[in-house]
Amino acid sequence: MYSSLPADPPPIREPLHAPVAHLVRGGVVEGVHHGSVVVLGADGGVRFEIGDSEAACYPRSALKPLQAVAMVRAGLPLDGALLSLAAASHSGEQRHLAGTRRILERAGLTEDHLRNVPDLPFDPAVRDVWVRQGRPPSRLAQNCSGKHAAMLYTARLNGWSLDDYLDPAHPLQRAIAEVVEELTGQRVATVTVDGCGAPLFAVSLRGLAVAAARLTTAAPDTPGARVADAMREHAEMASGSGRDVAALMRAVPGLLAKDGFEGVQVAALPDGRAVAVKIADGASRARVPVTAGALALAGVDASLLAAFAGEPLLGGGRPVGEVRPVPALDPVRAPACA
């Protein structure tokens with residue numbers, strides 16, 4: 001199905017994005033979101049593509065499951081909710097903060113060892129309470145703290161240095177880069193710094209979908225299967241209460257899904273069918289219905305995706321339109337993949 005050797009890195013170019021979602025108000029297309037989408041069949045072949053799935057892009061937090069796989073391979077002894085948290089873009093809820101503390105405690109470390117940027121909780125309601133209580137931004141509350149705690153734990157277990165664990169030349173980050181290349185099937189195009197301070201690897205959208213498919217089809221008890229199982233079984237730990245990515249995993253049996261900033265989404269089914277989405281302007285309101293449309297094209301029952309089909313637009317307090325995928329991605333009209 002897939003080559004065991006990484007292919008050449010994807011080209012770094014301005015992506016050839018195409019319209020993927022319409023903002024429709026009163027029957028008129030008021031706005032257009034551009035982006036790229038790729039749908040893979042269970043055999044790994046491209047079943048649908050719109051835009052540019054071969055150009056280099058930054059998966060942002062959609063890369064976290066791969067980072068977690070690399071850490072498990074390097075000996076990270078987490079499972080269940082805490083392993084899901086290691087791959088999380090969490091909302092800053094109490095369970096996320098408590099879980100991150102548990103990971104640090106297992107490593108014999110504290111919040112002071114974290115090197116992610118201090119921030120307020122991601123969830124608006126949780127953030128409002130945090131601000132009303134007069135609490136400042138913290139590394140623990142930042143949405144990547146679970147991943148960073150797991151990185152520190154992995155480094156501690158291997159006897160690697162802690163202060164520079166985010167350096168791309170650090171053994172941990174080299175191990176992560178190797179796993180990214182192995183699972184995406186392509187060499188990394190370039191490396192930069194993610195919002196949390198960790199190295200960020202540029203791959204293609206298609207490579208991201210391939211990697212997700214490899215996780216959901218991994219043999220039982222392997223690092224890939226452990227990460228996928230943990231995220232699916234503890235979807236709210238990998239994201240948060242009320243988050244669309246958790247709701248999507250709950251709605252579609254066996255689905256592994258991970259979102260990323262700037263409009264990135266990847267999802268894969270147990271048989272290896274997978275989709276990857278990039279919204280050019282980074283809008284989540286387009287990411288969700290476009291992902292639903294892509295999953296319908298992959299063969300997911302459209303009735304399971306109804307809640308994700310489009311965000312309503314209000315006029316005078318009542319619905320007058322919606323954000324919906326372009327006709328080629330319409331989950332009702334588009335035929336399913338073979």
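Student: Which helices each supply at least two residues of the lining of the second largest cavity?
Tutor: They are α9 (244-251) and α10 (284-297); helices here are DSSP runs of H or I with at least four residues, strands are runs of E with at least two, and both are numbered from the N terminus. A cavity is a set of points on a 1 Å grid over the protein atoms alone where a 1.4 Å probe fits but cannot get out, and its lining residues have an atom within 4 Å of a point.

Student: And what kind of model is this?
Tutor: It is a predicted model, in which local features need pLDDT of at least 70 and side-chain atom pairs count only at pLDDT 80 or more, while totals for chains, interfaces and linings use all residues. Residues are numbered from 1 along each chain as its sequence is written, and side-chain values use heavy atoms, leaving out hydrogens and water.

Student: Back to that cavity. Which residues line it?
Tutor: The second largest cavity is lined by D244, L248, Q265, R287, V288, T291, A292 and F308. The largest share, 4 residues, comes from α10.

Student: How do those residues divide by class?
Tutor: There are 4 nonpolar, 2 polar and 2 charged residues in this lining. Ala, Val, Leu, Ile, Met, Phe, Trp, Tyr, Cys and Pro count as nonpolar, Asp, Glu, Lys and Arg as charged, and the others, Gly among them, as polar.

Student: How many cavities are there in the whole structure?
Tutor: The search finds 2 cavities of 30 Å³ or more.

Student: What lines the largest cavity?
Tutor: Its lining consists of A62, P65, L66, L208, A211, A212, L215, L256, A257, K258 and V266. By class, that is 10 nonpolar, no polar and 1 charged residues.

Student: New topic: how does α1 sit against α6?
Tutor: α1 and helix α6 (residues 171-184) pack at an angle of about 120°, with their axes 8 Å apart. The axes are lines fitted to C-alpha atoms over the stretch in contact, and angles run from 0 to 180 degrees between N-to-C directions.

Student: Which residues meet there?
Tutor: On the α1 side, L66, Q67, V69, A70, M71 and R73 meet L172, A175, I176, V179, V180, E182, L183 and T184 of α6; contact means heavy atoms within 4.5 Å. The residues divide into 10 nonpolar, 2 polar and 2 charged.

Student: What about α1 and α8?
Tutor: The axes of α1 and helix α8 (residues 223-233) come within 9 Å and cross at roughly 130°. α1 and α8 are therefore oblique to each other; angles under 35 degrees count as roughly parallel, over 145 as roughly antiparallel, 65 to 115 as roughly perpendicular and the rest as oblique. P65, A68, V69, V72 and R73 of α1 make the contact with P223, G224, R226, V227 and M231 of α8.

Student: How do the residues of that contact divide by class?
Tutor: The contact of α1 with α8 has 7 nonpolar, 1 polar and 2 charged residues.

Terms used. On a 1 Å grid over the protein atoms alone, a cavity is a set of points where a 1.4 Å probe fits but cannot get out, and a pocket is an open set with protein on both sides within 12 Å along at least five of seven lines; lining residues have an atom within 4 Å of a point. Grid points are joined across faces, edges and corners, and a volume is the space filled by probe spheres set on the points.
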